[in-house]
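Hi,

Here is the structure I promised to pass on.

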Amino acid sequence: MASRKLLLLPGDGIGPEAMAEVRKLIAAINENFGSGFETEEGLVGGSAYDAHGAAISDADMTKAMAADAVLFGAVGGPKWDAVPYDVRPEAGLLRLRKDMQLFANLRPAICYPALAASSSLKPEVVEGLDILIVRELTGGVYFGEPKEIIDLGNGQKRGIDTQVYDTFEIERIAGVAFELARTRQNRVTSMEKRNVMKSGVLWNEVVTQAHKAKYSDVKLDHMLADAGGMQLVRWPKQFDVIVTDNLFGDMLSDVAAMLTGSLGMLPSASLGAPDAITGKRKALYEPVHGSAPDIAGQGIANPIAMIASFAMCLRYSFNMAAEADRLEAAISAVLNEGLRTKDILSAGMTEVGTAQMGDAIISKFLALS
Ligand code: NAI
Ligand code: MG
């Protein structure tokens, strides 16, 4: 059996509370199916700063580079608001993304039927929704140079950010989107603004060429990103996989996420390039939410975002799609039975804490197996 090495970085606030549920789940999977997951533990964020004065130590970075996948909780909190910029908790996540070269950010928007009624959109618009936004994560306007504020000397200043994309960056993110589409409904919608941006013209051209050269079996559409935003709230079920740049992806993935409910439900994955020899991609899986200092330590955080992130890990890092489907089905079933953490509680439902929600999902997962 191939190695299955996981590095667990629980982080701060509710990060460790959510990670505790995944740790139980991994133990249950190993015990029941002999899956042989090996876990290592590391520190990240404020807890790493307290221990080593850095948001992640070199030793833990080495473990991350050697792992088959990294599971990340959340970082930050008021305790570290005053620490120097370079070692602030978020620097740990940024270093992981940079050193592991995680250029593809995957944000699914799945609407669990039991929660369709609590969406801000009509239930029929979101029920059964299952879309995947593939956002380019290491290029574009967040990183392009020049990036500065210039004093023009006449009482005016100029703020500059630069959107830059090279062919290879567009090609590799398009490749991820097309490959994922093949495992889903086989449809990709590429979003840019070629009407007003040169990088958008190139984006469109490179995606079109990649499609023609290697992925012509996948259905490809192009949409201007602003129109895409409208379509996402009008009729989101028209999409399967959306591929877009760093800035548009940041906004569109947040829009898509909110169609389906609470921050406590949302998983994500960040993938790197396949290794030349093993073909394995470096990968980090994390909930979309932060460390939620307002509820940390109370045992009430929703662990579903973290557990669903582990489902993505099974699917994308370990080729365990059947197990991932089953884990998502277990989440759905537990919601159907009326169990709710406080953040998703509605009238007539049963309120449970973090550990009870985790336990219920794990036993449902085992029962479905
Ligand atoms: P947040 O996501 O931590 O919390 C926003 C709101 O959602 C809070 O009211 C919180 O209680 C609630 N919430 C979030 N996750 C939840 C869950 N699993 N169950 C129940 N309720 C949940 O965002 P916020 O408050 O803006 O940031 C708090 C800290 O987290 C800051 O230090 C921020 O920098 C950091 N942060 C870290 C991220 C990461 O580690 N990737 C991402 C976002 C924020
Ligand atoms: Mg965002």
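Arg107 counts as buried, with 24 C-beta neighbours inside 10 Å; for that label a residue needs 20 or more other C-beta atoms within 10 Å of its own, while 12 or fewer makes it exposed and anything in between partly exposed, with C-beta atoms placed from the backbone. Before you read on: this is a predicted model, so local features need pLDDT of at least 70 and side-chain atom pairs count only at pLDDT 80 or more, whereas totals for chains, interfaces and linings use all residues. Residues are numbered from 1 along each chain as its sequence is written, and chains are lettered from A and ligands numbered from 1 in the order in which they are written.

Back to Arg107, which sits in strand S4 (residues 104-110). Helices (H or I, at least four residues) and strands (E, at least two) are DSSP runs, numbered from the N terminus. Leaving out residues up to four places away in sequence, Arg107 touches Ile133, Arg135, Ser253, Ala256, Ala257 and Ser268; contact here means C-beta atoms, placed from the backbone, within 7 Å.

Why look at this arginine? UniProt, in an unreviewed entry, lists Arg107 under "binding site", along with Arg97, Arg135 and Asp226. Those positions are in the numbering used here, feature names are shortened, and annotations may be inferred rather than shown by experiment. The four are spread over 130 residues of sequence and also in space, with up to 27.4 Å between C-alpha atoms.

Arg97 is in helix H4 (residues 90-99). Arg97 is partly exposed, as it has 17 other C-beta atoms within 10 Å. Its contacts, again not counting residues up to four places away, are Leu102, Leu137 and Ser270.

Strand S6 (residues 144-151) is another story: of its eight residues the number buried is zero, so S6 lies largely in the open. S6 pairs with strand S7 (residues 157-162) in the antiparallel sense over five bridges, where pairing takes at least two DSSP bridges. Ile149 stands opposite Gly159 in S7. Five residues lie between the strands of this hairpin, and Gly153 takes a positive phi near 80° there.

The C-alpha trace spans about 60 × 50 × 45 Å along its principal axes, and 47% of the residues count as buried. Among contacts between residues at least 6 apart in sequence, 73% join residues at least 24 apart. The unreviewed UniProt entry also annotates residues 5-361 as "domain: Isopropylmalate dehydrogenase-like".

On confidence, mean pLDDT (the predictor's confidence in each residue, from 0 to 100) is 95, and 99% of residues reach 70 or more.

Cheers

Definitions and conventions. Contact = placed C-beta atoms within 7 Å.
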